[in-house]
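User: Hey, I'm new to this structure. Can you walk me through it?

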Amino acid sequence: MSYEIIKINETTYRIEDNNVRFFLLTGTKRALLIDSGLTVTNAREIAEGLTDLPVSLLNTHSDPDHIASNHQFESFYMHEAESFFYFNIMHKTGELIPLKDGEIIDLGDRPLEIVTLPGHTPGSVGVLDINQRVLISGDPIQDGMIFMFGPGRDMTVYRNSLRKLDGYRTFFDTIYPSHGTFPVGKELIDQLYEVTEDLSTFPRWDMEMHDQIVDCVDTGVAKFLISK
């Protein structure tokens, strides 16, 4: 197990865990861990080594590379649309505290707004760090590999989520994605929307993923893994 802690600023850290990253945000009253890793199983200890504040957990969604240390928390924030996959497919436990679109979680002088971004998964969410003008996007906004195969993935819903962010453009300058280049600019949103209009125009090849063969479509902006 290997990971790297990178200090972004005095109140924000990113933890690189192989090909995924998760974040620690601190306010004046408490801290929030956004996702809990892929291979690390001690994300809580990592967070508590960086702050003396009480640490809560929020999951952007329930894919396995975002929940590895969830067992360390009795409760966690997550959208209810992720609950079936989390409890019945991943066989995880704990108390799910449901997230709502537009909800504000305040860490103490650090308000965070929840932005629902379904499509990649039914309950994917982004976190708008209002004061720092940053969108922590989870998986939907990135230039790496975006999984769009299997139950609950929906390209039309995904594209609607991209367009939804038009209404937030004046509230953030930078995007912190869970995969790929860090950080990215908000122009990536338009690029992703454009290339997903018709994926049939881009080169593709077979890729084995989770014991099945899927199409890897290289748009030049990001790679989309879709069902054959």
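This is a predicted model: local features need pLDDT of at least 70, side-chain atom pairs count only at pLDDT 80 or more; totals for chains, interfaces and linings use all residues.

User: Okay, helices to begin with. At what angle do helix 3 and helix 4 pack?

Analyst: The angle between helix 3 (residues 155-164) and helix 4 (residues 187-195) is about 150°, and their axes are 10 Å apart. An angle over 145 degrees counts as roughly antiparallel, and that's why helix 3 and helix 4 are described that way.

User: Is the crossing left-handed or right-handed?

Analyst: Left-handed, as helix 3 passes helix 4.

User: And which residues make the contact?

Analyst: From helix 3 you have Y158, R159, L162 and R163, and from helix 4 there are I189, D190, L192 and Y193. Sorted by type, the residues of this contact between helix 3 and helix 4 come out as five nonpolar, three charged and no polar.

User: Switching to the inside. How many residues are in the largest nonpolar core?

Analyst: It has 24 residues, and the ones that touch the most other members are I141, L165, L192 and F224. Strand 12 (145-148), helix 3, helix 4 and strand 17 (223-227) are the elements that give two or more residues to this core.

User: Which of them gives the most?

Analyst: Helix 4 does, with four residues.

User: You mentioned I141. What does I141 touch?

Analyst: Not counting residues up to four places away in sequence, I141 touches L162, L165, I175, P177, L188, I189 and L192. There's also another core lying apart from the one we've been discussing, with 18 residues, among them I15, A43, I46 and Y86.

User: Let's look at L33 next. Where is L33, and is L33 buried or exposed?

Analyst: L33 is found in strand 4 (residues 31-34). Its relative accessible area is 1%, and under 20% counts as buried, so L33 is buried.

User: What is L33 in contact with?

Analyst: Leaving aside neighbours within four places in sequence, L33 is in contact with F22, F23, L24, A43, A47, V55, S56, L57, L58 and F73. As for I46, L33 and I46 are 13 residues apart along the chain, and their C-alpha atoms are separated by 9.9 Å.

User: And L50, where does that lie?

Analyst: L50 lies in the loop between helix 1 (43-48) and strand 5 (55-58). L50 is partly exposed, with a relative accessible area of 25%. Not counting residues up to four places away in sequence, L50 touches I5, Y13 and L24.

User: How far apart are L50 and F202?

Analyst: They're 44 Å apart in space, C-alpha to C-alpha, and 152 residues apart in sequence.

User: Now the backbone. Which residues does a cis peptide bond join?

Analyst: That bond joins F182 and P183, with omega at about -15°. P183 sits in the loop between strand 13 (174-177) and strand 14 (184-185).

Terms used: Residues are numbered from 1 along each chain as its sequence is written. Side-chain values use heavy atoms; hydrogens and water are left out. Axes are lines fitted to C-alpha atoms, for helices over the stretch in contact, and angles run from 0 to 180 degrees between N-to-C directions. Angles under 35 degrees count as roughly parallel, over 145 as roughly antiparallel, 65 to 115 as roughly perpendicular and the rest as oblique. A crossing is left-handed if the near helix is turned anticlockwise from the far one by less than a right angle, and right-handed if clockwise. Contact means heavy atoms within 4.5 Å. Ala, Val, Leu, Ile, Met, Phe, Trp, Tyr, Cys and Pro count as nonpolar, Asp, Glu, Lys and Arg as charged, and the others, Gly among them, as polar. A nonpolar core is a set of buried Ala, Val, Leu, Ile, Met, Phe, Trp, Tyr and Cys residues joined through side-chain atoms within 4.5 Å. Buried means under 20% relative accessible area, exposed over 50%, partly exposed in between (1.4 Å probe, protein chains only).
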